[in-house]
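Please look over the sequence and the three-dimensional structure shown below before reading on.

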Amino acid sequence: MSKPLTGKVALVTGGSRGLGAATVRLLAEQGANVAFTYVSSEKQAQAVVDEVHGKGAKAVAFQSDQADTSRAPALIDDVVAHFGGLDILVNNAAISVAGTVDDPDADTAPLDRMHATNYLGVIAVIRAASRVLRTGGRIITVSSGLGSRVGAPGLADYSATKSGIERYTMGVARDLGPRNITANVVEAGLMEGGMQPPDPETLKALVSSLSLQRMGHPDEIAAAIAFLASPTASYVTGAVLDAHGGYNA
């Protein structure tokens, strides 16, 4: 099997489960040394590390809460200290909190944490990583089809975090382009084993709105991320790659 990422160092935020874990595994299979973060699931994180090591590749997990933006510089320093550099940053860590904007009983604390994790936390990691990313580096931000179209009530705050970080990534592509560093977005869709799914009726309606009429698998979205991380995508930057089953079709 070709290993186009041999010699590269990658950091995947939120890599202990779901899409993050699938991305860690795929980047490692393609030759990268992979660091990833987790918040509290140490056992799951270690299982991913053990799986990667079992296939003869290298991985390391760092406990880091992305909502704590002050942690970002130390995280990047830890990755560089462990692997000697950084070439690929995958901004995958995110949480989802639903609720209509006119709910008088809404607890705004979870919404504030979501904004800190999905938006401010991503910005903090990108800023810290930009100090050390090597020439030819890659930044891939995982967004959602909801970043470009809100398909159901109660998703205004979540959609705003995704839309905002998409535009931020476009700006990053402009700022870092002179260093031959690309920055792109993958809009992921509904995934098996992904975030907490909505109620069954809402889920059924969302799936029926997709061109492919099914949920995706994390490996399918990870493949899109790996493409943008690869040498093949060297002239792709400031782009949004849809991997959501035709949500916007």
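A residue is called buried when its relative accessible area is under 20%, exposed when that value is over 50%, and partly exposed in between. The model to which this term is applied here is a predicted one.

With that term in hand, consider helix 1. Which residues of helix 1 are buried? They are Leu19, Gly20, Ala21, Ala22, Thr23, Val24, Leu26, Leu27 and Ala28. Nine of the 12 residues of helix 1 are therefore under the cut-off of 20%, and the helix is described as mostly covered. The cover over these buried residues includes strand 1, strand 2 (residues 33-38) and helix 2 (residues 42-54). Strand 4 (residues 88-91), strand 5 (residues 138-144) and helix 7 (residues 218-229) also take part in it.

The length of helix 1 can be checked by simple reasoning. The helix comprises residues 18-29, and at 1.5 Å a residue its 12 residues should span 16 Å. Its end C-alpha atoms are 17 Å apart, which agrees with that expectation. Just after helix 1 comes glycine 31, whose phi is positive, at about 110°.

The view may now be widened to the whole chain. How many helices and strands does the chain contain? There are seven helices and seven strands. Read from the N terminus, their order is β-α-β-α-β-α-β-α-β-α-β-α-α-β. The radius of gyration of the chain is 17 Å, close to the 18 Å that the globule rule gives for 249 residues, so the chain is as compact as a globular protein of that length. Along its principal axes, the C-alpha trace spans about 50 × 40 × 40 Å.

Several further values describe the chain in general terms. Of its 249 residues, 48% count as buried. When contacts between residues at least 6 apart in sequence are considered, 77% of them join residues at least 24 apart. The chain exposes about 11500 Å², and carbon and sulfur atoms supply 53% of this area.

Leucine 11 belongs to strand 1, which covers residues 9-12. Is leucine 11 buried or exposed? Its relative accessible area is 0%, so leucine 11 is buried. Setting aside residues up to four places away in sequence, leucine 11 touches Ala35, Phe36, Thr37, Leu75, Ile76, Val79, Leu86, Ile88, Leu89 and Val90. Leucine 11 also illustrates how sequence and space can part: aspartate 87 is 76 residues away in sequence, yet the C-alpha atoms of the two residues are 8.3 Å apart.

Alanine 59 is a residue of strand 3 (residues 59-63). With a relative accessibility of 7%, alanine 59 counts as buried. Beyond its neighbours within four places in sequence, alanine 59 is in contact with Val34, Val49, Val52, His53 and Phe83. The C-alpha atoms of alanine 59 and valine 48 are separated by 8.3 Å, and these two residues are 11 apart along the chain.

Further along, threonine 182 is located in strand 6, which runs over residues 182-188. Threonine 182 is buried, because its relative accessible area is 4%. Its contacts, not counting residues up to four places away in sequence, are Gly137, Arg138, Ile139, Ser234, Val236 and Thr237.

The loops on either side of strand 6 can be taken next. Asparagine 180 is in the loop between helix 5 (residues 156-176) and strand 6. Although asparagine 180 is not a glycine, its phi is positive, near 60°. Its relative accessibility is 46%, so asparagine 180 counts as partly exposed. Glycine 189 lies in the loop between strand 6 and helix 6. Its relative accessible area is 22%, and glycine 189 is therefore partly exposed. Glycine 189 touches Ala243 and His244, leaving out residues up to four places away in sequence.

Finally, glutamine 213 is found in the loop between helix 6 (residues 200-208) and helix 7. Glutamine 213 is not a glycine, yet its phi is positive, at about 60°. At 48% relative accessibility, glutamine 213 counts as partly exposed.

Key:
Residues are numbered from 1 along each chain as its sequence is written. This is a predicted model: local features need pLDDT of at least 70, side-chain atom pairs count only at pLDDT 80 or more; totals for chains, interfaces and linings use all residues. Side-chain values use heavy atoms; hydrogens and water are left out. Helices (H or I, at least four residues) and strands (E, at least two) are DSSP runs, numbered from the N terminus. The radius of gyration is taken over C-alpha atoms; the globule rule is 2.2 Å times the number of residues to the power 0.38. Buried means under 20% relative accessible area, exposed over 50%, partly exposed in between (1.4 Å probe, protein chains only). Contact means heavy atoms within 4.5 Å. Accessible areas come from the Shrake-Rupley method with a 1.4 Å probe; for residues, only the protein chains shown count as cover. The expected span of a helix is 1.5 Å times one less than its number of residues.
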